[in-house]
Amino acid sequence: MIVESLLYERLFNQAVRCHICQHRCRIEEGKWGNCRTRINKGGKLYSTIYGEVSTWRRAPIEIKPVYHYLPGSYALSLGSLGCNFLCPGCQNWDISFARVEEFSKQTEYISPDESIRLAVKNECSGISWTYNEPTLWFEYTLHGAILAKGKGLYTNYVTNGFITPEALDKIGPYLDVFRVDIKGFDKKTYSRIAHITNWRRILEVIQRAGRKWHMHVELVTNIIPLINDDPAHLKALAQWIKNELSSDTPWHITRFYPNWRMSDIPPTPLKTLETICEIALAEGLKYVYIGNVPDHQRNNTYCPKCGKTLIERKNWDRVKCLIKGGTCPECMEKIAGKFTS
Ligand code: SF4
């Protein structure tokens, strides 16, 4: 469904500037933005993917991965088409790189109301916009988030963090969880992976989500051999997380698997992931996880004070949580996040 974009300005000669993501595309009449989901028609900007759902399923929150927000709960996970980054190793390239002409063949329309009904019917505690970049169907996620909050569901953005501050401020009151991919910690890495140079603005948006809107923030970095596995950069990223967010912020270091235009790069060696994990812990981060390695002990949550296993995870869906009243039952250390008991 096509709807008028919520955040754009009109320029001279029927051109517009989109303010949904930080590309801030200038779009001439009749042309598309970088993401190929927004078009300028007659001097007005339109989103073409409102409610156009390519994928939906009931999924454990752990699979996003989000480990410190109602662990063991399920969320209705929804995705559309398109992306504003086009990373060469994208795991969801079939929907992220979809061609506009194919949109109507690859999606079904699910209204925001219907998405909430689906979540409730499938016994979900929340709703996640995921699979492709949620910012691209901003209007739809905003409407869905408002309805979700009215029904007592939590809301989760699985995002690259390239949303503009003004778009974040519109959805901020209705978003509980901001799960952000940080691709690296330097311009060269972001240029290679995501084709952007103004990567530091992503960090500012993450801070804004936490400080201004009190969202629960979790971070993921997919470690790609020889692309973003420099220990010095990752140490600097760990320091940034600790100093600018909090030592309580969970950081997931995930294994890369060869895919699409990065099919020639081997999977990340386990040793690399474990070394980065040790670096992050040594820098003072309390909750560091190793992802995409089934049943690795760093899938579990440990008390940062006494070391007790607090949340045991097996296969995403078998989650045993021992946290009581938000604290470790052994030493009463407060554990960051939101828990049912
Ligand atoms: S959402 Fe699309 S059109 Fe808008 S600024 Fe981002 S890439 Fe450009």
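Which residue stands opposite Gly 126 in β11? Ala 75 does, and the strands around this position are shown in Figure 1. The model is predicted: local features need pLDDT of at least 70, side-chain atom pairs count only at pLDDT 80 or more, and totals for chains, interfaces and linings use all residues. Residues are numbered from 1 along each chain as its sequence is written.

**Figure 1. Strand β11 and its parallel partners.** Helices (H or I, at least four residues) and strands (E, at least two) are DSSP runs, numbered from the N terminus. Two strands are said to pair if DSSP finds at least two bridges between them. Strand β9 (residues 74-79) pairs with β11 in the parallel sense over four bridges. Strand β12 (residues 154-159) also pairs with β11 in the parallel sense, over four bridges. Across from Trp 129 stands Tyr 157 in β12.

Figure 2. A right-handed β-α-β unit is made by β11, helix α4 (residues 138-150) and β12. Right-handed means that, with the strands pointing away from the viewer, the path from the first strand over the helix to the second runs clockwise.

**Figure 3. Residues around the ligand.** The shell consists of Cys 18, Ile 20, Cys 21, His 23, Arg 24, Cys 25, Gly 33, Asn 34, Cys 35, Arg 38, Asn 84 and Leu 136. A residue is near a molecule if its C-beta atom, placed from the backbone, lies within 6 Å of it. By class, six residues of the shell are nonpolar, four are polar and two are charged. Nonpolar covers Ala, Val, Leu, Ile, Met, Phe, Trp, Tyr, Cys and Pro; charged covers Asp, Glu, Lys and Arg; the others, Gly among them, count as polar.

**Figure 4. Domain 1 against domain 2.** The protein chain is divided into domain 1 (3-47) and domain 2 (52-321), with bounds from an automatic or database domain assignment. Their C-alpha centres lie 27 Å apart. In domain 1, 13 residues are in contact with 16 residues of domain 2, contact being C-beta atoms, placed from the backbone, within 7 Å. The side of domain 1 that touches domain 2 has six nonpolar, six polar and one charged residues.

**Figure 5. The open sheet β1-β6-β5.** Three strands form this open sheet, and the pairing is antiparallel. β1 (3-4) and β5 (38-41) stand at the edges with a single partner strand each, so one side of each is left without a neighbour in the sheet. β5 and strand β6 (residues 44-47) pair over four bridges in the antiparallel sense. In β6, Lys 44 is the bridge partner of Lys 41, and Tyr 46 is the bridge partner of Ile 39.

**Figure 6. The turn between β5 and β6.** Two residues lie between the strands of this hairpin, and Gly 42 takes a positive phi near 60 degrees. Gly 43 is in the loop between β5 and β6. Gly 43 counts as partly exposed because 13 other C-beta atoms lie within 10 Å. Leaving out residues up to four places away in sequence, Gly 43 touches Arg 10, Gln 14, Val 16 and Glu 29. Gly 43 and Ile 27, 16 residues apart in sequence, are 9.1 Å apart in space, C-alpha to C-alpha.

**Figure 7. The open sheet β17-β18-β19.** The three strands of this sheet pair in the antiparallel sense. At the edges are β17 (301-302) and β19 (318-321), each of which pairs on one side only. Strand β18 (residues 309-314) is joined to β19 by four bridges. The bridge partner of Glu 312 in β19 is Lys 320.

Figure 8. A cis peptide bond, with omega about -10 degrees, joins Lys 64 and Pro 65. Pro 65 is in the loop between β8 (55-60) and β9. Leu 226, in the loop between β14 (216-223) and α8 (231-245), has a positive phi near 65 degrees. Leu 226 counts as exposed because it has 8 C-beta neighbours inside 10 Å. Asn 292 lies in the loop between β16 (288-291) and β17, and its phi is near 65 degrees, a positive value in a residue other than glycine. With 19 C-beta neighbours inside 10 Å, Asn 292 counts as partly exposed.

Conventions. Contact = placed C-beta atoms within 7 Å. Buried ≥ 20, exposed ≤ 12 C-beta atoms within 10 Å, placed from the backbone.
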